[in-house]
Structure formats: C-alpha cells, structure tokens
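Here are my notes on the aromatic contacts and the nonpolar cores. Please read them with the model open.

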Amino acid sequence: VQLQASGGGLVQAGGSLILSCAASGRTFSSAAMGWFRQAPGQEREFVGAMGSTSARTYYSNSVKGRFTVSRDNAKNTMYLQMNTLKPEDAAVYYCAAAHTTLSSMRAHYSAGNYVYWGQGTQVTVSS
C-alpha cells in the first residue's frame with residue numbers, strides 16, 4: 001500500500017495550492033483519510049480529514065474556512081485545497097489513511113489512528 005502526496009511548492013501569502021494524495025495497493029473508499037503537517041522544530045499537527053463516507057469533513061481551527069478536503073473514490077485520491085495561504089501554513093504536508101472508518105470526530109484528529117502515510121510534500125509561503 002502506498003500513498004503519494006504531490007502538489008506542494010512555493011506560493012505567495014494569500015495564494016492557493018491544491019495537494020493531491022494518490023493511493024495504490026488498496027482502495028480507501030471505506031476508510032478515513034486525513035492531512036497533517038509538520039513545520040521545522042514543531043510536532044506534526046492535524047490539518048483536515050474526511051470520513052469514509054465522504055459526508056463529513058473535519059478541520060483544525062487554524063485552517064477552517066480556508067482549506068477544503070475532498071476525495072475522489074473512483075481515482076482513489078484525496079485532495080487538499082488550500083486558499084488564502086499564510087506564512088504560518090508553511091510546512092511539510094503529509095497525507096494519511098486509516099484501516100477503516102473512524103468512530104468519532106475526535107478520532108480523525110489523532111495521527112495514531114492513521115496507519116498509512118505518504119512521504120510528504122513541502123509547502124512554502126512567502127510573505
């Protein structure tokens with residue numbers, strides 16, 4: 001099983017980027033998927049996630065209203081649309097997938113509930 005994150009790059013503050021996470025080796029239509037990020041010297045933090053049914057999404061307070069998680073189960077791919085980017089959004093972004101559905105909203109926030117991880121893609125935001 002492999003998750004391949006892509007789409008990172010350099011963007012000016014206020015700009016937009018869309019990250020993709022392509023999965024292979026199994027389908028994740030019945031599993032929760034999420035995005036995390038890690039800036040230098042900081043711990044990995046939750047960004048956003050989508051439940052297995054794609055009906056519910058969850059976001060950290062720092063990105064709510066600016067970032068959108070979506071998924072295309074036919075392509076086995078998850079996306080992170082990032083708008084109004086700020087310098088503090090700069091980090092390596094990781095996509096992750098759980099084995100199956102997660103039982104609660106809180107469960108989607110915890111990195112420990114995700115089993116599969118992508119390699120990360122760098123997002124740099126210039127001020």
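This is a predicted model: local features need pLDDT of at least 70, side-chain atom pairs count only at pLDDT 80 or more; totals for chains, interfaces and linings use all residues.

The points below go from ring pairs to charges over rings, then to the cores.

1. Residue numbers run from 1 along each chain.

2. Ring pairs overall. The structure holds six aromatic pairs. A pair of aromatic rings is described by the distance of the centres and the angle of the planes. Two pairs are taken up in the next points.

3. F28 and Y116. These two rings form an edge-to-face pair, with 5.5 Å centre to centre and 75° between the planes. F28 sits in the loop between strand 3 (17-24) and strand 4 (33-38), while Y116 belongs to strand 10 (residues 116-117), so the pair ties together parts that are 88 residues apart in sequence. F28 is buried, at 0% relative accessibility. Y116 is buried as well, with a relative accessible area of 18%; the cut-off for buried is under 20%.

4. F36 and W117. The ring centres of F36 and W117 are 5.2 Å apart, and the planes meet at 55°, so this pair is tilted. F36 lies in strand 4 and W117 in strand 10, so parts 81 residues apart in sequence are tied together by the pair. F36 is buried, at 2% relative accessibility. W117 counts as partly exposed, at 27%.

5. The ring cluster. Which residues do ring pairs link into a cluster? They are F36, F46, Y109, Y114 and W117.

6. Charge over rings. R44 lies over the face of Y94, at 3.9 Å from the ring centre. R44 also lies over the face of W117, here at 4.8 Å from the ring centre.

7. The largest core. How many residues does the largest nonpolar core have? It has 29. L3, F28, W35, F67, L80, M82 and Y93 have the most contacts inside this core. Elements that give two or more residues to the core include strand 1 (2-6), strand 5 (45-50), strand 8 (77-82) and strand 11 (121-126). In soluble globular proteins, nonpolar side chains tend to be buried together.

8. Contacts of L3. Leaving out residues up to four places away in sequence, L3 touches a set that includes F28, M33, C95, Y116 and W117. Both members of the edge-to-face pair, F28 and Y116, are among the residues that L3 touches.

9. The second core. A separate core of ten residues includes F36, F46, A98 and L102. F36 and F46 are also members of the ring cluster.

Technical notes
Side-chain values use heavy atoms; hydrogens and water are left out. Rings of Phe, Tyr and Trp (its six-membered ring) pair if their centres lie within 6.5 Å; planes under 30 degrees apart count as stacked, over 60 as edge-to-face and the rest as tilted. Helices (H or I, at least four residues) and strands (E, at least two) are DSSP runs, numbered from the N terminus. Buried means under 20% relative accessible area, exposed over 50%, partly exposed in between (1.4 Å probe, protein chains only). A charge sits over a ring if NZ of Lys or CZ of Arg is within 6 Å of the ring centre and within 35 degrees of the ring normal. A nonpolar core is a set of buried Ala, Val, Leu, Ile, Met, Phe, Trp, Tyr and Cys residues joined through side-chain atoms within 4.5 Å. Contact means heavy atoms within 4.5 Å.
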